[in-house]
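User: I would like to learn how to read a structure like this one. Can you take me through it feature by feature?

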Amino acid sequence: MTLHDEGPVGADALDRVTWALRRAELAVTALKEQRLRSLGMAAAHYSLLIAVHVDPGLAGAELARRLNVTPQAVASLVARLEGRGQLERRPHPRHRHVQELHLTDAGRDALRKADSVIAEIEQQITEKLGAKDTGQLKALLGQVTDAIQQVQPAGPLSRPVTLRKDGTPG
C-alpha cells in the first residue's frame, strides 16, 4: 500500500507483518463472535472458560494477565458466567482474600459446545490453506512467538512477554 502524504505512520504501515497478524486476528475473532452467538456466548467467554479448564483454580488477577484484559473485565465476565452456573468461586487454601475459579458441569458443557464451534472454524481455515500451508503457517507463527519472547522491553520494571502453549500470556 502506498500512502499519499507524509503522515504519522511510515509508508509501509499497512504492509507490515504485525498489521497482517492483526487483520487475521480480527477476521477470526469476528467469525468466532458470529458463530458463538448462537450459543449465547462471546469469544471472551470461550477464552475465559478454556483458560480455567486448562488451569483450574486460577485467581481473577492471574486470569486477567493471561487473557490480557483488565481485572475489572475478568470480574464482569466471571460474574456473568457464575450467574449462568458455568463457573464457581472457591476459597484459596492459603490466601483467604483470594478466590479460585473452577468450571462447573454446566461450564464444561458450554465449553464443549463452544469448542466444537471453534473446531469448525479451525477446519474451515485449514481446509482452505491445505496441510502444507497450515503446517508452514503454524511454524512461522511459532517463530513470531519466539522472536517476541526474546524481546526485552525497555525500562527497569519491564519483563519479557512469555506465552504458554495455549497462547495465553503467562
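Analyst: What follows goes from the whole chain to single residues. Keep in mind that this is a predicted model.

User: Where do I start with a predicted model? What average pLDDT does the protein have?

Analyst: Start with confidence. pLDDT is the predictor's confidence in each residue, from 0 to 100. Here the protein averages 86. A score of at least 70 is reached by 85% of the residues.

User: Over which residues does pLDDT stay under 50?

Analyst: That stretch is residues 154-162. For these residues the model has 15 contacts beyond four places in sequence.

User: Next, the elements. How many helices and strands does the protein have?

Analyst: Count them, then read their order. There are 5 helices and 3 strands. From the N terminus on, the order is α-α-β-α-α-β-β-α.

User: What share of the residues counts as buried?

Analyst: Buried means under 20% relative accessible area. Of the 170 residues in the protein, 22% count as buried. Now turn to the surface. The protein exposes about 11,700 Å², and carbon and sulfur atoms supply 56% of that area.

User: And contacts along the chain? What share comes from residues 24 or more positions apart?

Analyst: Take the contacts with a separation of 6 or more. Residues 24 or more positions apart account for 46% of them.

User: Now helix packing. At what angle do H1 and H2 pack?

Analyst: Read the angle and the axis distance together. Helix H1 covers residues 17-36. H1 and H2 pack at about 90°, with their axes 8 Å apart. Angles of 65 to 115 degrees count as roughly perpendicular. H1 and H2 are therefore roughly perpendicular to each other.

User: Which residues meet there?

Analyst: H1 brings Lys-32, Glu-33 and Leu-36. H2 brings Ala-43, Ala-44 and Tyr-46. By class, this contact of H1 with H2 has 4 nonpolar, no polar and 2 charged residues.

User: How do H2 and H4 cross, and at roughly what angle?

Analyst: Helix H2 spans residues 43-54 and helix H4 spans residues 71-83. Their axes come within 11 Å and cross at roughly 85°. So H2 and H4 are also roughly perpendicular to each other. On the H2 side, the contact is made by Ala-44, His-45, Leu-48 and Leu-49. On the H4 side, it is made by Val-74, Leu-77, Val-78, Arg-80 and Leu-81. The classes are 7 nonpolar, 1 polar and 1 charged.

User: Let me look at one of those residues. Is Val-74 buried or exposed?

Analyst: Val-74 sits in helix H4. Val-74 counts as buried because its relative accessibility is 1%. Leave aside the neighbours within four places in sequence. Val-74 is then in contact with Leu-48, Gly-60, Leu-63, Ala-64 and Val-69. Val-74 and Ala-61 are 13 residues apart in sequence, and their C-alpha atoms are 8.0 Å apart.

User: What about Ala-110? Which residues is it in contact with?

Analyst: Ala-110 lies in helix H5, which covers residues 105-149. Ala-110 has a relative accessible area of 12%, so it is buried. Beyond four places in sequence, Ala-110 contacts Met-41, Leu-49 and Gln-86. Ala-110 and Leu-49 are 61 residues apart in sequence and 8.6 Å apart in space, C-alpha to C-alpha.

User: And Ser-116? What is its relative accessible area?

Analyst: Ser-116 is found in helix H5 too. Ser-116 has a relative accessible area of 38%, so it is partly exposed. Ser-116 and Leu-36 are 80 residues apart in sequence, with 10.0 Å from C-alpha to C-alpha.

User: Last, backbone angles. What phi does Asn-68 have?

Analyst: Asn-68 has a positive phi of about 60°, although it is not a glycine. Asn-68 is in the loop between helix H3 (60-67) and H4. With a relative accessible area of 65%, Asn-68 is exposed.

Key: Residues are numbered from 1 along each chain as its sequence is written. This is a predicted model: local features need pLDDT of at least 70, side-chain atom pairs count only at pLDDT 80 or more; totals for chains, interfaces and linings use all residues. Side-chain values use heavy atoms; hydrogens and water are left out. Axes are lines fitted to C-alpha atoms, for helices over the stretch in contact, and angles run from 0 to 180 degrees between N-to-C directions. Helices (H or I, at least four residues) and strands (E, at least two) are DSSP runs, numbered from the N terminus. Angles under 35 degrees count as roughly parallel, over 145 as roughly antiparallel, 65 to 115 as roughly perpendicular and the rest as oblique. Contact means heavy atoms within 4.5 Å. Ala, Val, Leu, Ile, Met, Phe, Trp, Tyr, Cys and Pro count as nonpolar, Asp, Glu, Lys and Arg as charged, and the others, Gly among them, as polar. Buried means under 20% relative accessible area, exposed over 50%, partly exposed in between (1.4 Å probe, protein chains only). Accessible areas come from the Shrake-Rupley method with a 1.4 Å probe; for residues, only the protein chains shown count as cover.
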